[in-house]
2 protein chains.
Amino acid sequence: MQLIDGKAVAAKIKEEIAKEVQAIKAEGGKTPHLAAILVGHDGGSETYVAHKVKACAECGFKSTLIRLESDVTEAELLSKVEELNQDADVDGFIVQLPLPKHIDEQKVIEAIDYRKDVDGFHPINVGRMSIGLPCFVSATPAGIMDLLAHYNIETKGKHCVVLGRSNIVGKPVATLMMQKSNPGNATVTVCHSASENLKDITRQADILIAALGVPEFVTADMVKDGVTVIDVGTTRVPNANTKSGFKLTGDVKFDEVAPKCSYITPVPGGVGPMTICSLMKNTLLAGKKSIYK
Amino acid sequence: MQLIDGKAVAAKIKEEIAKEVQAIKAEGGKTPHLAAILVGHDGGSETYVAHKVKACAECGFKSTLIRLESDVTEAELLSKVEELNQDADVDGFIVQLPLPKHIDEQKVIEAIDYRKDVDGFHPINVGRMSIGLPCFVSATPAGIMDLLAHYNIETKGKHCVVLGRSNIVGKPVATLMMQKSNPGNATVTVCHSASENLKDITRQADILIAALGVPEFVTADMVKDGVTVIDVGTTRVPNANTKSGFKLTGDVKFDEVAPKCSYITPVPGGVGPMTICSLMKNTLLAGKKSIYK
């Protein structure tokens, strides 16, 4: 069993980005600039945004954090989005999700100029990804593909089973895994809460991508020997023994599943760091206007 | 074994559309107007477009057929697309594919105003479909869903295997089948030319959707008893015994597969008529401005 070290891969990619940014700056080019809007003070969101700001610094990007209180109106948020759309210095920006209940998340996502949508959530980027056109691929699926590539894990013709059909992980990673590309070119099955005979299917997986958000859902009896497991789950499970009062827990029962695996990602330190890293890659692409002019 | 009669279902849906159009006209509303651009004189394309024009008449729509010679330049075609984008009387339009090699098909698709893109091929409609937002769903996948609904074929939790990963059938129908909807909510596997152990997977299918474009690819040993088979293939295979000189042939070896099926679509008369019918449904939605203003 080999542990997939997302932290190390992410560090290496960020180093490469930093080198390229240095070269851009040396030639008098524009420093890539990522802005993030954070609404309210949700613990998880605070942590994610802090990691993103830190990653920007590591890459040599400029970053701007815009904080809005949780009682901000939808109109005020949309007006801030429009301001960032118009700001020529901002190459890409994100609105950290989830948003408070009184705000229509989808409306906010669609208000973002797709050319600055480095999260890859706008319908144009989702559609272009599905068709196989250049676009901002959403960060977690892109990070998973980078991990598979880094460890030279064969995907062509293999059976990849995806647990979960969310718009930000399950569906896009399924699409990427089936495209005629490398990594990719896999036979892909998507399972979810309504799936019957789940275990019969997961036991067929050469590559299992768990993105349900149900802590320790995948048990040893659900996988075959030699499987590669990518654990996208990051649920904060209350825990009295940690300083923070919770423990970040994946969708996979790591201790019992790991011995059966060829490769497995830990939580934390697997997919998580890669997600932030993909956001940095998208920001660099936005800065260089590589995808959209 | 029950034969799925796409021709009958399509006729029924077109009747319903015609009634609604009659009511719209009676109230002084606008007659839905579909335009089609046909480049060159490919036999298949000529037939498809003729069927679409006929279906418009059956539904009470206005239709316009614009013919361009096969040596039309890309710029001339794009200028015609722009003309239709601007024409307030045209509610929706299609550019019949395939286009001559010297024209960039994707560029033409993206030039169509997504609000008039009744084929559902524009990235915005593809992305919105994937996310689950109101949009023009592309015609063949939508027609397949309508057939499953009409025959009350249970899809929830069932294993649906899709053969083929094209942008216009395989990928979108896979997405529709996995969404939390009815029909839908299925476990979905997408197979393609690179898939290993194909037969092991197709034999698991409760619902098999064949969209490879390889005549008679699916044989009896590839399916289990009681399967529902949807055959999307429509290859023109040369045949000396027919008046036209060819025989429209599906992806399924019908004679040997049919006896094992609960339900099966014939070719012709299965998915084909439904595809045109879905285009009519989209045109009505466009005419009523039900999806986009």
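Visitor: Which residue is the bridge partner of A:Leu34 in β3(A)?

Guide: A:Ser63 is the bridge partner of A:Leu34. Before we go on, this is a predicted model, where local features need pLDDT of at least 70, side-chain atom pairs count only at pLDDT 80 or more, and totals for chains, interfaces and linings use all residues. Residues are numbered from 1 along each chain as its sequence is written, while chains are lettered from A and ligands numbered from 1 in the order in which they are written.

Visitor: What makes β2 and β3(A) a pair?

Guide: Two strands pair if DSSP finds at least two bridges between them. Strand β2 (residues 33-39) of chain A has seven bridges with β3(A), in the parallel sense, so they count as a pair. Strands here are DSSP runs of E, at least two residues, and helices are runs of H or I, at least four, numbered from the N terminus.

Visitor: Why are β3 and β4 of chain A called edge strands?

Guide: The open sheet has three strands in the order β3-β2-β4 (chain A), with parallel pairing. In that sheet β3 (62-68) and β4 (92-95) of chain A each pair on one side only. The twist averages 15 degrees from one strand to the next.

Visitor: Why is α6(A) called roughly perpendicular to α10(A)?

Guide: Helix α6 (residues 139-150) and helix α10 (residues 271-287) of chain A pack at an angle of about 105 degrees, with axes 7 Å apart. Axes are lines fitted to C-alpha atoms, for helices over the stretch in contact, and angles run from 0 to 180 degrees between N-to-C directions. Angles under 35 degrees count as roughly parallel, over 145 as roughly antiparallel, 65 to 115 as roughly perpendicular and the rest as oblique. That makes α6(A) roughly perpendicular to α10(A).

Visitor: How many residues of chain A are in contact with chain B?

Guide: 26 residues of chain A are in contact with 26 residues of chain B; contact means that C-beta atoms, placed from the backbone, lie within 7 Å. On the side of chain A that touches chain B, α5(A) gives the most, with seven residues.

Visitor: Which strands are joined by three bridges, and are they parallel or antiparallel?

Guide: β6(A) and strand β6 (residues 187-191) of chain B are joined by three bridges, and they run antiparallel. Within this pairing, A:Val190 stands opposite B:Val188.

How values were computed: Contact = placed C-beta atoms within 7 Å.
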